[in-house]
Amino acid sequence: MNPEEIFQDKIDQEIKIEPKDWMPEKYRQTLIRQISQHAHSEIVGMLPEGNWITRAPSLRRKAILIAKVQDEAGHGLYLYSAAETLGISRDEMIEQLHSGKAKYSSIFNYPTITWADMGAIGWLVDGAAIMNQVPLCRNSYGPYARAMVRVCKEESFHQRQGFELLLHLSRGSEIQKRMCQDAINRWWWPSVMMFGPNDDASPHTAQSMKWKIKRFTNDELRQKFVDICAEQVKLLGMTLPDPDLKWNEEKQHYDFGKINWEEFWNVVSGNGPCNKQRLDARKKAWEEGAWVREAAAAYAEKRKSRQNIQAA
């Protein structure tokens, strides 16, 4: 068998591909694109929630939100490290983000207007992320699959924390209930869009499924997400903003309305409500943090020199 046949045979047998193994260049590039996009999403995703840390309504909520934002920073680091095993540097990935060449999840280009948004992001956004990410624990590339195990455990906790926050608001005053419903209304459709374009418009799905980078198609995951949320929202005493949402007995799934793909592609293209704000914040943090990176590099070099002197 030629190298490509051996490679595919390993994948078909559920044997993980490791960094030093032979792999098609397209496989490597597909993973770099997906993992770096995932890492960028975790880092940019800290911004909408970090905006509310100083305004959290209690010390308990503040501590929870700080912990969550710290988790997201850690996820970004795991994922950047996984991508680096494919031969791309972290500096190159960051440059791609800042230049607009690399994308991140469109969901993070929406503003967080009220405190209830922290709950909606946890329940809906992290819920959609988990739906996407749990299958990635079984993806064919070893470093990515192993990194996702911890990421998914922490994201699962974030999803439950978000639902608990909304549940608390849903049992509060009339103003809190309206705030809860308003947040769900604004975050529902962007969360449904998180799974990406429909399968017939997704250029990477077929190959990624063959290589077992993905285990389910965009539409399969989206349907699972809708089915789960349509039941969970009943516990909140709230509704999802979709008049076409109804149970289909024949399909044993929920039918749901049409997605506004024009909005999706507009946001992906950089024209969302907060695209410029998010990228400007990341560029500013990178520039202002240069001295920290330089100091860390200098310290590492000094420590290495001392160890060489001692060894001599």
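Which element gives the largest share of the lining of the second largest pocket? Before the answer, a word on the model: it is predicted, so local features need pLDDT of at least 70 and side-chain atom pairs count only at pLDDT 80 or more, while totals for chains, interfaces and linings use all residues. Residues are numbered from 1 along each chain as its sequence is written, and side-chain values use heavy atoms, with hydrogens and water left out.

The answer is H5, with four residues. A pocket here is an open set of points on a 1 Å grid over the protein atoms alone, where a 1.4 Å probe fits, with protein on both sides within 12 Å along at least five of seven lines; lining residues have an atom within 4 Å of a point. In this one, the space comes to about 260 Å³, a volume being what is filled by probe spheres set on the points, which are joined across faces, edges and corners.

The lining of the second largest pocket has 13 residues, and Ile-43, Leu-77, Tyr-80, Ile-94 and Arg-282 lie nearest the centre. Helix H4 (59-84), helix H5 (90-99) and helix H12 (275-288) each give two or more residues to this lining; helices are DSSP runs of H or I with at least four residues, strands are runs of E with at least two, and both are numbered from the N terminus.

Let's move on to two loops. Glu-14, between helix H1 (3-12) and helix H2 (25-44), has a positive phi of about 65° although it is not a glycine. Gln-252 also has a positive phi, about 60°, and is not a glycine either; its loop joins strand E1 (246-248) and strand E2 (253-255).
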